[in-house]
Amino acid sequence: GARSEPMTILFAFVIFYFTCINSKFSKKNILIILIVVFLLADLMYSIQISRNSGFSIKNILQHFFTNGFDAILEELMEFGVTGYSTSAVVDKISTHNPSWFLLKELSSLLPIPIESKYTVVGSVAAGKPELGTSFIGEMYYYFGNYCYLACFFIAIYITSITKWIRRKIDEGEYYYFLMMLMWIWQQLNCIRATFNLAIKTIIYSYVLFFVVKSIYITIRNKSGAYTY
């Protein structure tokens with residue numbers, strides 16, 4: 001929902017800061033950063049909503065000075081309650097379909113599109129696609145009470161990749177962190193994500209990274225103007 005994206009961005013930044021940045025912010029710098037972030041958020045919101053009332057500098061400034069703070073308060077209020085938790089979804093699931101899990105995970109190896117109504121299977125099974133779910137809810141739909149075993153293997157999957165990223169960062173190869181940002185986003189935002197998307201994201205993040213890297217190396221070798 002409205003709270004998942006800003007929280008995901010926050011956690012991603014915290015992870016990046018504590019793993020890739022050696023210097024520390026002073027209290028003064030933190031205050032300045034908070035003010036800058038507030039002003040940028042206000043400005044971006046003003047630009048966004050000004051499109052609905054005529055895009056002009058006047059409208060942007062009007063929204064900036066009158067609506068921006070209210071918009072940020074509304075975002076904060078979104079953190080007050082979760083209407084439909086994973087347990088609420090689980091309570092509504094009465095059938096389990098492990099074969100569908102195998103089909104989805106196999107499809108993640110190839111660029112096969114899956115209809116959006118099936119991307120959050122636990123909610124669909126509950127008859128309320130808008131509820132959202134999590135890895136736990138999704139695994140319960142597939143495997144019932146055996147979902148805890150499935151979640152154990154998911155934990156190994158996430159932990160293994162996280163340790164690999166950590167090792168690359170310790171070796172000074174920070175671009176591996178950038179390569180995995182889409183995957184990190186997927187794991188942090190798993191309130192609405194599925195395991196299938198987590199698998200597909202890591203595969204194509206990896207492929208995309210090495211395609212770009214290969215292009216860069218080819219250009220470098222031809223020009224001889226860059227060092228690697």
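1. A friendly start with one cysteine: at 18% relative accessibility, Cys151 counts as buried (under 20% relative accessible area; exposed is over 50% and partly exposed lies in between, with a 1.4 Å probe and protein chains only). Please keep in mind that this is a predicted model, where local features need pLDDT of at least 70, side-chain atom pairs count only at pLDDT 80 or more, and totals for chains, interfaces and linings use all residues. Residues are numbered from 1 along each chain as its sequence is written, and side-chain values use heavy atoms, with hydrogens and water left out.

2. The structure holds 0 disulfides.

3. Now to helix H9. Helices (H or I, at least four residues) are DSSP runs, numbered from the N terminus. H9 has 24 residues and reaches 34 Å from its first C-alpha to its last, close to the 34 Å expected at 1.5 Å a residue; the expected span is 1.5 Å times one less than the number of residues. Its buried residues include Ala150, Tyr157, Ile161, Ile165 and Lys168. After H9 comes Gly172, with a positive phi near 85 degrees.

4. Ile154 deserves a look of its own. It sits in H9, which runs over residues 147–170, and is buried, with a relative accessible area of 5%. Leaving aside residues up to four places away in sequence, Ile154 touches Phe135, Met139 and Phe195 (contact means heavy atoms within 4.5 Å). Between Ile154 and Phe195 there are 8.3 Å in space, C-alpha to C-alpha, although they are 41 residues apart in sequence.

5. Finally, the surface. Leu10, Phe13, Val14, Phe16, Phe18, Tyr175, Leu178 and Leu181 form a nonpolar patch with about 710 Å² of accessible area together. The elements giving two or more residues to the patch are helix H1 (4–20) and helix H10 (175–179), and H1 supplies the largest share, 5 residues. Patch members have over 30% relative accessible area and no salt bridge, and nonpolar side chains (Val, Leu, Ile, Met, Phe, Trp, Tyr) are joined within 5 Å. Areas come from the Shrake-Rupley method with a 1.4 Å probe, and a salt bridge is a side-chain nitrogen of Lys or Arg within 4 Å of a carboxyl oxygen of Asp or Glu. Phe13 lies in H1 and, at 44% relative accessibility, counts as partly exposed.

Definitions and conventions. Patch = residues over 30% accessible without salt bridge, like charges linked within 9 Å, V, L, I, M, F, W, Y side chains within 5 Å. Disulfide = S-S within 2.5 Å.
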